[in-house]
Amino acid sequence: MSPISDKFLPRDDVVRICRDLQARGRRIGFTSGAFDLIHAGHADFLERARALCDVLVVGVNTDDSVRQYKGSGRPVVPEDRRAHLVAALESVDYVFLFEERRNARNLELLKPQLYIKAGDYTESGLTSSEVVERHGGEAVILPIEIATSTTDLIRRACGSLSPDAAEKTGPSEDGQSAGEFCFDVRPAKTAPAVFLDRDGTINVETEYLHEPERLELLPGAGEGMRRFMDMGYRIVVVTNQAGIALGYFAKEDFYKTNRAMFRALKPFGVVIDRIYFCPHGLNDGCSCRKPGTALVERAREELNLDLAHSVFIGDRTSDLETGRRTGMTTILVRTGAAGSDGEYGVEPDYVASDLSDAARWVLERERTGAPFPEPVRGKRALTQRLVAKSIRKGKR
Ligand SMILES: [Zn+2]
């Protein structure tokens, strides 16, 4: 058995080695996964996969890509260690890390004779299988024989997770989190969250942004998000992406742009717990497009959030209206549209110059013990809240 350092390599190196092995008549098998908290089910699956080929190559998802579809708190184990453990298994010949959400690119590069998927794999569509078949390979599904899931392990280890933290698969009818096909674990502890709009609030707004290389963080965004994390807030992004319905770009472009955002936020130590997006058009009548509240409700359920102590921040009045409808504190940032759309007549609790200023204001309010506004229900409550706000302003 070769040392782990010879097995865990950059993807380009693995591709080169495999090309050489294929030229010498070896049958390459490829599979992939997050392999977070490796368990007997993984080891058994990989052993049986190895029996189908001469060389077993495993792609391991990077932390950013796992976070995109598994949500809060995942992965538990960082990418290098997950890859290291997979490489330590005798059945595995080569391991590399990859950041794409799907395997199409891996299969284009590797051209394996066999693409081996786990039996409980729920990737929708057959695009990956099409790629492998185009290169003369075949896709096979291996049933899972030792049924253990990492989610189960975490649940048992935590013990206190609610029984309705059931495994969820498949996109919901209205709106989608970036985790359409994987398991979610609902955190046991209720926490407040800062809900953030994306374009014009976190990053510079350009029309229907979908090119990752054009993503540019707004000044103060990384610092502000970091401050919210330090204050114990979960970070949730809720974004309308009508460009998908309009056919201006694909969901895949949206995911790529999100990954560019993750990378840009990395130096600040910012981890986004979940991104929720509405892919529908203006007139589709869905309940997830802001100011619709479906995505916030879903976040509350999935991430166990305390909305009354949460904050919604955005550059448009539809952001403020979403926050108002769900009983949150609302902050308008003077970036992006800076509230100039005027679609909804909502007075924000605070107008911030940027996310850093917004975090500073929330921190100060927590320090001074100023009460959070009462949950808003209807117009009367809103008026009361506006009165409360002007009183607070007068104090300053
Ligand atoms: Zn929608």
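# Reading contacts, a core and salt bridges

Colleague: Which residues is F228 in contact with, leaving aside its neighbours within four places in sequence?

Modeller: Contact means heavy atoms within 4.5 Å. With neighbours within four places in sequence left aside, F228 is in contact with V194, Y233, I235, I313, L355, A358, A359 and V362. This is a predicted model, in which local features need pLDDT of at least 70 and side-chain atom pairs count only at pLDDT 80 or more, while totals for chains, interfaces and linings use all residues. Residues are numbered from 1 along each chain as its sequence is written, and side-chain values use heavy atoms, with hydrogens and water left out.

Colleague: Which residues of helix α9 are buried?

Modeller: Buried means under 20% relative accessible area, exposed over 50%, and partly exposed in between, with a 1.4 Å probe and protein chains only. Helices (H or I, at least four residues) and strands (E, at least two) are DSSP runs, numbered from the N terminus. In α9, residues 221-230, the buried set is A221, G222, G224, M225 and F228. These residues lie on the same side of α9 because they cover an arc of only 165° around the axis, the arc being that of the directions from the helix axis to the C-beta atoms.

Colleague: What covers the buried residues of α9, and which residue with a positive phi follows the helix?

Modeller: The cover includes the strands β7 (193-196), β8 (234-240) and β10 (311-314), and the helices α11 (251-265) and α14 (355-367). After α9 comes G232, with a positive phi near 90°.

Colleague: How many residues are in the largest nonpolar core?

Modeller: A nonpolar core is a set of buried Ala, Val, Leu, Ile, Met, Phe, Trp, Tyr and Cys residues joined through side-chain atoms within 4.5 Å. The largest one here has 36 residues, and I202, M225, F228, I272, I313 and I331 have the most contacts inside it. The element that gives the most to this core is α11, with six residues.

Colleague: How many salt bridges does a search of the whole structure find?

Modeller: The count is 22, where a salt bridge is a side-chain nitrogen of Lys or Arg within 4 Å of a carboxyl oxygen of Asp or Glu. One of them joins D13 and R16, with the closest N and O atoms 2.6 Å apart.

Colleague: Why are D13 and R16 separated by about one helical turn?

Modeller: An α-helix has 3.6 residues a turn, so residues three or four places apart point the same way. D13 and R16 are three residues apart in helix α2 (residues 11-23), and therefore about one helical turn separates them. D13 is partly exposed, at 25% relative accessible area, while R16 is exposed, at 52%.

Colleague: How many disulfides does the structure hold?

Modeller: A disulfide is identified as a pair of cysteine sulfur atoms within 2.5 Å, and the structure holds zero. C18 is buried, at 0% relative accessibility, and C278 is buried at 0%.

Colleague: Where is S91 found, and which residues does S91 touch?

Modeller: S91 is in the loop between α5 (79-88) and β3 (94-98). S91 is buried, with a relative accessible area of 11%. Not counting residues up to four places away in sequence, S91 touches L46, E47, R50 and L56.
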